[in-house]
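Hi,

Here is the structure I promised to send over.

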Amino acid sequence: MDTFTSFPQKSLKRHDLETYTSDLEIQGVIFAAFGRVSDMVNRKDRDYIVVQEARITPLGQTPNQRALTTPLMVAQQHVHFISVAPQYDEPAAPKQQDAQHGRDFVIKKVPTLCYVLTDTFVIYGRCHLLHGANLENLLETGGYFIPITDATVYLKSPTAATWFRELVILHKEKIQVMYVIDRKTTNELPDDPMDAGLSPLRRLAP
């Protein structure tokens with residue numbers, strides 16, 4: 001378990017997550033003092049993610065059913081993205097308080113259809129932009145990781161494996177290219193993004 005000197009062990013929260021590198025899928029449990037996964041991975045004082053009950057599987061292979069009995073250290077710099085395991089919900093963002101009026105308010109963001117390509121994955125989903133902001137603002141500010149919701153993940157390999165996750169937390173340094181889709185073109189996620197005529201995978205296919 002990770003060491004948090006300022007937090008008692010009983011206050012640590014359990015997160016059932018999937019961590020993806022360029023050639024591995026790691027399923028396991030991460031304990032942290034943070035309720036939100038995005039807050040946990042955006043800590044700047046940690047270079048490694050500690051995974052308990054870890055099961056390591058090469059990408060595209062049948063999931064490994066045997067869990068390690070000791071903690072697994074995953075170098076954060078090699079993480080492409082972390083996804084919330086199915087049937088596990090990301091806690092809602094805590095409301096921020098207006099110091100002047102003592103009222104709660106929520107920073108609203110605009111969900112925007114987008115594609116992300118790393119050297120291993122293509123991710124199609126919704127990034128979340130502040131009103132009036134653009135993709136450059138999203139990538140040039142904030143922490144190391146950004147959330148993508150309603151994400152369809154494609155494995156760039158001959159297996160052409162795909163899977164859906166309600167939330168993935170994407171490492172910005174692994175992004176090769178990223179672009180948003182004009183809302184005038186489409187405002188809904190199609191059942192198969194390949195049918196939308198918008199997917200870069202059409203050009204990547206041999």
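Before I go on, a word on what you're looking at. This is a predicted model, in which local features need pLDDT of at least 70 and side-chain atom pairs count only at pLDDT 80 or more, while totals for chains, interfaces and linings use all residues. Residues are numbered from 1 along each chain as its sequence is written, and side-chain values use heavy atoms, with hydrogens and water left out.

Now the overall picture. The chain has three helices and 12 strands (DSSP runs numbered from the N terminus: H or I of at least four residues for helices, E of at least two for strands). Of its 206 residues, 41% are buried; buried is under 20% relative accessible area, exposed is over 50%, and partly exposed is in between, with a 1.4 Å probe and protein chains only. Take the contacts between residues at least 6 apart in sequence: 61% of them join residues at least 24 apart (a contact means heavy atoms within 4.5 Å).

Back to the salt bridges, of which the count is five. E53 and R14 meet at 3.9 Å, N to O. That pair links distant parts of the chain, with E53 in strand β3 (residues 48–58) and R14 in strand β1, 39 residues apart. E53 is partly exposed at 43% relative accessible area, and R14 is partly exposed too, at 40%. Another pair is D150 with R126, at 2.7 Å, N to O. D150 sits in β10 and R126 in β9, so this bridge ties together parts 24 residues apart in sequence. Here D150 is partly exposed at 26%, whereas R126 is buried at 16%. D39 and R36 also meet, at 3.8 Å, N to O.

Next, have a look at strand β5 (residues 81–84). Both of its faces are covered: F81 and S83 on one side are buried, and so are I82 and V84 on the other. β5 runs antiparallel to β1 (residues 13–20), joined by four bridges (strands pair if DSSP finds at least two bridges between them), and T19 stands opposite I82. β5 also pairs with β11 (residues 162–171), again in the antiparallel sense, over three bridges. In that pairing, L170 in β11 is the bridge partner of F81.

Those two residues turn up again inside the protein. F81 and L170 are among the residues with the most contacts inside the largest nonpolar core, which has 21 residues. A nonpolar core here is a set of buried Ala, Val, Leu, Ile, Met, Phe, Trp, Tyr and Cys residues joined through side-chain atoms within 4.5 Å. Elements that each supply at least two residues of this core include β8 (109–117), α2 (135–140) and β11, and the largest share, five residues, comes from β10. F121 is also on the list of residues with the most contacts in the core. Beyond its neighbours within four places in sequence, F121 is in contact with residues including Y20, L59, F81, V153 and W163. Apart from this core lies another, of 18 residues, with L17, M40, V41 and I169 among them.

Cheers

Key: A salt bridge is a side-chain nitrogen of Lys or Arg within 4 Å of a carboxyl oxygen of Asp or Glu.
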